[in-house]
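Please consult the sequence and structure shown here before reading on.

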Amino acid sequence: MTDASSDPFGAVRNLAGKAWRRAAAAPRRGVRLARRVGRLREQAAAAQAEWLLEREIAHVARGRGPIIAGPWLSEVGFEVLYWIPFLRWFQDRYRIDSERIVAISRGGVAEWYGGIADRYVEIFDHLSPEEFGRRNRERHQSQESGGQKQTTTGQLDVHLMEAAARETGIRDPAVCHPSLMYRLFNRFWFGNRALDLVLSRTRYVPMRVTAPPSDIGLPERYIAAKFYTGAALPNSPESRQALRSLVRAAARQAPVVMLDTGMVTDEHEDYLFRDMPNVISLRDRLEPRSNLGVQTRVISGAQGYMGTCGSLAWIAPLLGVDTLAVYSEERFLVSHVFFATQAYRQFEAARFDTLDLRAATDLGVVTEAAEVVSP
């Protein structure tokens with residue numbers, strides 16, 4: 001060991017080393033500080049955007065005049081899981097009487113808006129399913145119309161709002177457009193905001209609908225099902241085979257009523273199971289103008305529901321029907337499944353379970369279930 005007398009420059013070197021280390025650390029501290037400042041600025045900008053949106057929403061509620069809620073042009077799943085509960089929050093938060101609200105949607109779903117809107121305008125009274133599908137696809141491809149999610153108001157929205165005003169005889173309505181909800185909830189869907197953002201701005205209640213129609217030939221006891229292609233359940237030979245095994249297993253327990261419609265108004269297509277024993281298709285008994293309403297009523301009378309994770313799988317628990325939501329690709333579902341699970345617990349909805357079809361197939365669970373013969 002050397003001491004100060006044997007190393008007269010040791011103290012100088014130590015001081016120089018400390019100075020160098022501090023100088024080297026300064027840029028890193030500067031980078032960390034810049035990042036922290038950047039995050040704070042982003043948070044402040046997001047908070048301001050949310051505040052401005054809240055002001056827009058409050059402005060819609062002002063006065064006593066009519067309010068158009070919609071039109072709803074996006075997928076059914078978001079309508080059920082987010083839009084209608086958001087409208088219920090909007091109505092409660094600003095104490096809006098239901099006689100002021102006119103809801104615009106498609107497929108005969110006036111009962112979905114029960115207690116929210118006294119008046120309902122059916123899109124298929126003003127556009128054929130084919131024209132609606134075409135114009136909606138054009139809207140998806142146009143950024144000016146908000147894309148697939150209704151983040152702005154486009155020409156199709158305006159056309160339907162004008163049609164609703166003529167049909168109901170209202171003048172100068174305020175508009176609670178879905179873009180308000182989409183812009184508000186986007187940060188949660190993208191993982192940049194906590195669950196409370198959405199939970200605090202939605203209200204869930206059990207859904208009440210009339211009994212299923214007596215003229216469509218439903219069994220006394222049955223399982224309702226609706227499987228369709230999409231991001232959550234891509235169309236593939238493996239998916240078709242696994243779903244057939246799943247439906248076959250269910251059909252051994254009770255008749256399975258398939259809610260396939262044959263309608264193509266978006267990118268989804270129904271999986272078909274018509275050639276299977278104890279499986280009933282309602283395709284020939286559903287009309288565009290009332291198809292979603294009838295499907296809802298059929299689900300309400302079922303002993304259980306199973307289907308693609310999305311669409312009517314979100315509504316079945318609200319109807320008091322135990323639900324199995326099936327998927328094989330979870331990338332676009334994580335936040336929605338998490339949210340739905342928490343929301344349903346708020347008011348003790350029926351059971352909601354999910355099944356990863358790909359994992360179940362790899363484990364042989366689906367095939368084994370299909371091979372079990374019930375006593």
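The second largest pocket has a volume of about 230 Å³. A pocket is an open set of points on a 1 Å grid over the protein atoms alone, where a 1.4 Å probe fits, with protein on both sides within 12 Å along at least five of seven lines; the volume is the space filled by probe spheres set on the points, which are joined across faces, edges and corners. The model is predicted, with local features needing pLDDT of at least 70 and side-chain atom pairs pLDDT 80 or more, while totals for chains, interfaces and linings use all residues. Residues are numbered from 1 along each chain as its sequence is written, and side-chain values use heavy atoms, without hydrogens or water.

**Pocket lining**
- At least two lining residues come from each of α7 (237-251), β8 and β9; helices (H or I, at least four residues) and strands (E, at least two) are DSSP runs, numbered from the N terminus.
- The lining comprises 7 nonpolar, 3 polar and 3 charged residues, where Ala, Val, Leu, Ile, Met, Phe, Trp, Tyr, Cys and Pro count as nonpolar, Asp, Glu, Lys and Arg as charged, and the others, Gly among them, as polar.

**Strand β9 and its partners**
- In β9 (residues 323-327), 4 of 5 residues are buried, that is, under 20% relative accessible area with a 1.4 Å probe, protein chains only.
- Strand β8 (residues 304-308) runs parallel to β9 and is joined to it by 4 bridges; strands pair if DSSP finds at least two bridges between them.
- Threonine 308 lies opposite valine 326 of β9.
- β10 (residues 352-356) is also parallel to β9, with 5 bridges, and its aspartate 353 is the bridge partner of leucine 324.

Definitions and conventions
Buried < 20%, exposed > 50% of the residue type's maximum accessible area, 1.4 Å probe, protein only. 1 Å grid on protein atoms, 1.4 Å probe; cavity = no way out; pocket = protein on both sides within 12 Å on 5 of 7 lines; lining within 4 Å.
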